[in-house]
Amino acid sequence: MLKNLTLDTTAEKNINTWLKGRYDEETKTAIQKLIDDNNANQLTDSFYKNLEFGTGGMRGEIGVGSNRMNKYTVGAATQGLANYLNKTFPDQEIKVAIAHDSRNFSPEFARVAADILSANGITVYLYKELRPTPQLSFTVRHLGCQSGIVITASHNPREYNGYKVYWVDGSQVVSPHDKNIVAEVNAITNIKDIKFKGVKKRIKMIGEAVDKAYLKAVKSICVNPRMIKRQSDLNIVFSSIHGTGITMVPKALAQLGFTNVNIVEEQATPDGNFPTVVYPNPEEHEAMNLALQKAKALNADLVIATDPDADRVGMAVKDPKGEWQLLNGNQAASLIIYYLLKAWKKAKKLTGKEFVAKTIVTTDLIDEMAAKAGVNCYNTLTGFKYIAQVIRELEGEQTFIGGGEESYGYLIGDKVRDKDAIASCAMIAELTAFAKDQGISLFDFLAEMYQKNGFYYEGLISLTKKGKTGAEEIQQMMVDFRTNPPKSIAGSKVIRMDDYKALTSTDLKTGETTAIAAGKLGIEASNVLQFFTVDGTKFTCRPSGTEPKIKFYIGVRANLKKKDEFDATLVALKEKVKSIQTELNLV
């Protein structure tokens, strides 16, 4: 069957296994068509390895094959999870909640997972319709589940789908459970080991009651309901970019009292083909175009948009020239924290036992504002599961106000344990209403934040280095920065180097090294380097754990004396980031 094709040895072995094994005829027919079409490239990519189940789950293109998202790779992942759950929670009823987004095959994959779990003696709570990822996080805790699954590929292109696993506290799995689940999934080497035949009585459909409980939790984060009542006609434009946000964001805004929410209808219907965009990602200007056009036509006060599984949110503000400007993740996170600290202080809710949290690659402006407010700011490794870990470890001792990461994910309050675009949209609307209530624009509010705390600007350089040589090049870059750290950056002396792989912090003036404690809140050994300069510049190097990429984060700072110097200061900061990129040869 494969005699006319030249294929990778592993790919050929896997193809034969699928053609001869207990796979359905539709799958075998699809494989045979690729063979008949002499499609060696696609066959190789589909079968040359098993789709990797990493520490948070898996993600890949949809299709037939061991390296694709399909019911068999979803089945192996679910069987491995079921095996681990049964070993971890013996002699008790195990419950798992499952949700899915709007992507192609998401409902089918969710049902496959539900069937397999039920066949393994596990009670399943399954959403019958698409729901946001943060709502699944809430549901795990609300229904007392030991685990949760979301079928989503977040904001990846339409060809992709994915599978994320949550633990008993509603956060994505962390050590040791993440690695233990991976081991169980990798142990599934034969399709015969997967129990596909579901047990109907163990699968319970999640109804409207949990929707209402989640919306109530979102409403509870509101700090200033009287002010919202005064500004109830705030002109908001919202897009769900064909995803799950449409199910909850309009309801969340309505229950807070916002009456003038204008939905981008062209993007309101959930659709896994994402027909109006190339990438369904609110970080991309192209994905926000329709919302920005509507905002301009309606002279709106605010633009917000959520990604397909509604854990990330993008926003835009109108500058003094009347032009709409997209805010990056650092700016949005900072604005949310700036408002929350201000509102909590005014409401006399700050007792000295509150905290915010962010990742180490997110703007230090948040640290600055928290320090001024007398609020702890905890920095974690990249990944919202580490922020959730901080919340879990401090539960009962300190109160979580909010937090975020530069990649457009934010969380307010502790009812959810993952980034939550529904709650974030609600809070962004509230802070915009607050600004309007003060007689200023959202842009003015942003400028006020920078004037009081410093104008922080962050740039991200992501370099793709494919293949074996690319991996070696990335490794060598890290070795070079680690063994020969820059003495200065943009003319400012480097005074400290933090090495998260060695878990050490080195004072480069004295040579003194201190330990970064492993097991500290949200910290474990990771191949990340950070350099700090006298003038407040921060430079971070971080290879991706899942892609052939290395990322460099550059954070710079200046003072903003007057609002009308905003543009000039921003231009200067952007130029500084570019000069650092050239200086450090980040190409």
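**Group meeting: a walk through the predicted model**

Let's start with overall size. For 587 residues, a compact globule would have a radius of gyration near 25 Å, and this protein chain comes in at 24 Å, so the two agree. Keep in mind that this is a predicted model. Along the principal axes, the C-alpha atoms fill a box of roughly 70 × 55 × 50 Å.

Now the make-up. The chain holds 18 helices and 23 strands. Of its 587 residues, 57% count as buried. The accessible surface is about 24600 Å². Carbon and sulfur atoms account for 48% of that surface. What about contacts along the sequence? Take those between residues at least 6 apart: 70% of them join residues at least 24 apart.

Next, a helix pair. Look at α6, residues 133–142, and α8, residues 208–219. Their axes are 10 Å apart, and the packing angle is about 105°. Angles from 65 to 115 degrees count as roughly perpendicular, so α6 is roughly perpendicular to α8. Which residues meet there? From α6, we have Pro 134, Gln 135, Phe 138, Thr 139 and His 142. From α8, they meet Val 210, Asp 211, Ala 213, Tyr 214 and Ala 217. By type, this contact has six nonpolar residues, three polar and one charged. One general point on helices: with 3.6 residues a turn, residues three or four places apart point the same way.

On to helix α14, residues 384–394. Is this helix enclosed or exposed? Nine of its 11 residues are buried, so α14 is largely enclosed by the rest of the structure. The buried ones are Phe 384, Lys 385, Tyr 386, Ile 387, Ala 388, Gln 389, Val 390, Ile 391 and Leu 394. Note that Lys 385 is on that list. What covers them? The cover includes one helix, α7 at 177–186. It also includes strands β12 (354–359), β13 (376–380), β14 (399–405) and β15 (409–412). After α14 comes Gly 396, with a positive phi near 90°.

You'll find Ala 316 in strand β10, residues 313–318. Its relative accessibility is 0%, so Ala 316 counts as buried. What does Ala 316 touch, leaving out residues up to four places away in sequence? The answer is Leu 292, Leu 302, Val 303, Trp 324, Gln 325, Leu 326 and Leu 327. Ala 11 and Ala 316 are 305 residues apart along the chain, and their C-alpha atoms are separated by 46 Å.

Last, some backbone details in the loops. First stop, Pro 176. Pro 176 sits in the loop between β5 (160–167) and α7. The peptide bond leading from Ser 175 to Pro 176 is cis, with omega near 5°. Recall that α7 is among the elements covering α14.

Then two residues with positive phi. Ile 241 is not a glycine, yet its phi is positive, about 45°. Ile 241 lies in the loop between β7 (236–239) and α10 (249–256). Is Ile 241 buried or exposed? Its relative accessibility is 0%, so Ile 241 counts as buried.

Leu 503 is not a glycine either, and its phi is positive at about 55°. Its loop runs between β18 (492–499) and β19 (504–507). The relative accessibility of Leu 503 is 12%. The cut-off for buried is under 20%, so Leu 503 counts as buried.

That's the tour.

Key. Residues numbered from 1 in each chain as written. Predicted model: local features only at pLDDT ≥ 70, side-chain atom pairs only at ≥ 80, totals over all residues. Heavy atoms only, no water. Axes fitted to C-alpha atoms, helices over the stretch in contact; angles between N-to-C directions. Helix = DSSP H or I, 4+ residues; strand = E, 2+ residues; numbered from the N terminus. Parallel < 35°, antiparallel > 145°, perpendicular 65-115°, else oblique. Contact = heavy atoms within 4.5 Å. Nonpolar A, V, L, I, M, F, W, Y, C, P; charged D, E, K, R; others polar. Rg over C-alpha atoms; globule rule 2.2 N^0.38 Å. Buried < 20%, exposed > 50% of the residue type's maximum accessible area, 1.4 Å probe, protein only. Areas by Shrake-Rupley, 256 points an atom, 1.4 Å probe, with all protein chains shown as cover.
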